[in-house]
Amino acid sequence: MSQTITIDPVTRLEGHGKISIQLNDQGEVEGAHFHVTQVRGFERFAQGRPFYEMPSLMARVCGICPVSHLIASAKACEAVMSVRIPHTAAQLRRMLNLAQMVQSHALSFFYLASPDLLLGMESDPKMRHILGVVAAKPELGRAGVALRRFGQHIIELLGNKRIHPGWVIPGGVTEPLTSAKRDEILAMIPEAHKNVKLALTAYRQIADGFREEIEVFGNFPSYSMGLINEDGSIEFTDGALRLIDPLGEIVEDGITATRFTEVIGEAVEPYSYTKFPYYKPLGYPEGSYRVGPLARLNIVQSMGTPKADKAFAEFKLLSKGPVESSFYYHHARLVEMIYGIEKIEEILSDPKILDTHVRAAAGVNRFEGAGVAEAPRGTLMHHYKVDENGLITWANLIIATGQNNHAMNKGIFQAARHYIKDGKFTEGILNRVEAVARTFDPCLSCSTHALGQMPLWLELKAADGRVLAEVHR
Amino acid sequence: MHLETKSKLLLACGNPLCGDDGVGWKIAEAAEQDPGFADVKVVVAQQFTPELSELLGEAEVVAFVDASISVEPGVVSSFTVAAAQEVPQALTHHLPPASLLALTGYLYGRIPGRAYAVTVGASSFELSFGVEERLLDGVLSEAVRDAIPAAVALLREIFV
């Protein structure tokens, strides 16, 4: 008899989602879906707001990566203004975005993924959480807490707030960096390096124990996309996008925010409030691609900083071409954290970093603008249209988690089909299916959007859980 | 961020946009302007997050300041907080003070010698906005606003 296994909610990820696995009469997995079940509608209620309010409004989309939204939004506004921001402002924003990446990756690796990685997929679920990790490996717990605080404190120092800082505005930033703040950040760098090195060492020790998971956790060829500098090094805030094919060949290069929607389309599926972006020339789903740490490391030639380049060289040994298993998102995150810490130190040694000219001013010079930045989870695009008074008439956000949506669903199906046999499964097996989603570190609160008529599935249930009525749209 | 020479810690939490939930922030603001708190590190946050354990690991005395729904609006209370024997199995982004103390003990092998919670009874957590330049400050109910001096006085006694 056919059966549906439901994992609801999926734990240890940002936001609320569920997984459904469909089994046929023989108990074989026929399908699996990752459902994002909430919808927020930010694009809609931005309409009518002045464009210069957008960064602070859009940052509220997410409490985990508000900085990336601030930056992508400010860049879209600057396209409307047709201004180029001062060098120092660009560098300060870059540092802010990297600080966010470090703290978000620390959250993903230490708090969300490490219970599986360090305690085991089959370990006692009562202890399979960060506090279990802390009890078993306190030095790693301390490293995770310290790396979170490292990133959060830089955000707090620069933006005067740890969450939703209002410091990034269209045209630059509101105030320059002081020498006291610069010195305080520099003083934190050595300990941050020490902590991420500890994490990488721990990861190296356990990775070989996950051979089976590496084989079936979203392990397939795919397209990859991310920001890159002209010299082929990784970039999080400026640069242009590159898309590579499953063999690593460049398909599109130098994709600017203005060209984004020429190249990327969006599809919808009835089972999720998250969209499914795809590479337009290939259509959906053939043109689906991955973004985020794994994709970024697959598209670049170098990290551009010494310690990270060493870690990157080790990462590239995993495959002759693009690294395919989504399990390696964890590894890629650690490489990016090394880069983030080094790059922050490099930015702070810029002789112009204390310059007080940090803002360009202008009004509405164009009626449409788009901005791109790399969020911790991948590429983020904000696209706005305004009227002659600068009021938003239309907004669209293409979020990293959405761009990974197809790969996440495919990965969950792959793992479910591998582990569930004859309709039999254990808690540890279902945890592995969830852990596929965790590799992508999806942020569901960001990713919920609707395109066209919003799909809706309404169930009226009795107190005992019986479904009394259903409406599908 | 470290405590440096300050081993007294005031941790206030709440959402200043949600009416009386912002009372912790207001108390922290008042404490920062009070010379009696010169040797106290004051930290405000939306929630008590695991990262605060680093500061707690260095503190000798801590006061957690928050709004409360357990007492009448405007009633100021204080009680000692002991580290939880068991920490929550599901960690999201925040912890109650007792669990945060327990986490601190796990991570750093020590907890503050004295830990207190200071709460103010709240009447409304509805979204609220101030006016003009204080737009994002939120609005406290009268009873809660009037209780701030008493809460600050209580904290002063704790940190003596």
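Mentor: Start with A:His105. Its relative accessibility is 0%, so A:His105 counts as buried. Keep in mind that this is a predicted model.

Trainee: What makes A:His105 buried?

Mentor: The cut-off for buried is under 20% relative accessible area. A:His105 has 0%, therefore the term applies. The residue is found in helix α4 (residues 87-119) of chain A.

Trainee: Which residues is A:His105 in contact with, leaving aside neighbours within four places in sequence?

Mentor: A:Pro293, A:Arg296, A:Arg333, A:Glu336, A:Met337 and A:Pro376. Contact here means heavy atoms within 4.5 Å. A:Val471 is another matter: A:His105 and A:Val471 are 40 Å apart in space, C-alpha to C-alpha, and 366 residues apart in sequence.

Trainee: Now a lysine. Why does A:Lys343 count as buried?

Mentor: Its relative accessibility is 16%. Residues up to four places away in sequence aside, A:Lys343 touches A:Arg94, A:Leu98 and A:Thr305.

Trainee: How many of the residues of chain A count as buried?

Mentor: 62% of the 473. The accessible surface of chain A is about 18100 Å², and carbon and sulfur atoms hold 52% of it.

Trainee: How do you know that the radius of gyration of chain A agrees with a compact globule?

Mentor: Compare two values. A compact globule of 473 residues would have a radius of gyration near 23 Å, and chain A has 22 Å, so the two agree. The C-alpha trace spans about 70 × 50 × 45 Å along its principal axes.

Trainee: How many helices and strands does chain A have?

Mentor: 16 helices and 16 strands. Three of the strands form an open sheet, in the order β12-β13-β14 (chain A), with antiparallel pairing.

Trainee: What makes β12 and β14 of chain A edge strands?

Mentor: β12 (368-375) and β14 (392-398) each pair on one side only. On average, neighbouring strands of this sheet are turned by 15° against each other, direction ignored. Helix α3 (residues 66-81) of chain A packs on the sheet and touches β12, β13 and β14 of chain A. The direction of this helix makes about 155° with that of β12(A).

Trainee: How do you know that β12(A) and β13(A) pair?

Mentor: Pairing needs at least two bridges. β12(A) and strand β13 (residues 378-386) of chain A have eight, in the antiparallel sense. One residue pair to look at: A:Glu368 has A:Lys385 in β13(A) as its bridge partner.

Trainee: And how many bridges join β13(A) to β14(A)?

Mentor: Six, and these strands run antiparallel. The bridge partner of A:Val386 in β14(A) is A:Ile392. The hairpin of β13(A) and β14(A) has five residues between the strands, and A:Gly390 takes a positive phi near 80° there.

Trainee: Last topic, confidence. What ipTM and pTM does the predictor give the complex?

Mentor: An ipTM of 0.77 and a pTM of 0.89. For chain B the mean pLDDT is 87, and 86% of its residues reach 70 or more.

Notes: Residues numbered from 1 in each chain as written. Chains lettered and ligands numbered in written order. Predicted model: local features only at pLDDT ≥ 70, side-chain atom pairs only at ≥ 80, totals over all residues. Heavy atoms only, no water. pLDDT = per-residue confidence, 0-100. Helix = DSSP H or I, 4+ residues; strand = E, 2+ residues; numbered from the N terminus. Axes fitted to C-alpha atoms, helices over the stretch in contact; angles between N-to-C directions. Rg over C-alpha atoms; globule rule 2.2 N^0.38 Å. Buried < 20%, exposed > 50% of the residue type's maximum accessible area, 1.4 Å probe, protein only. Areas by Shrake-Rupley, 256 points an atom, 1.4 Å probe, with all protein chains shown as cover.
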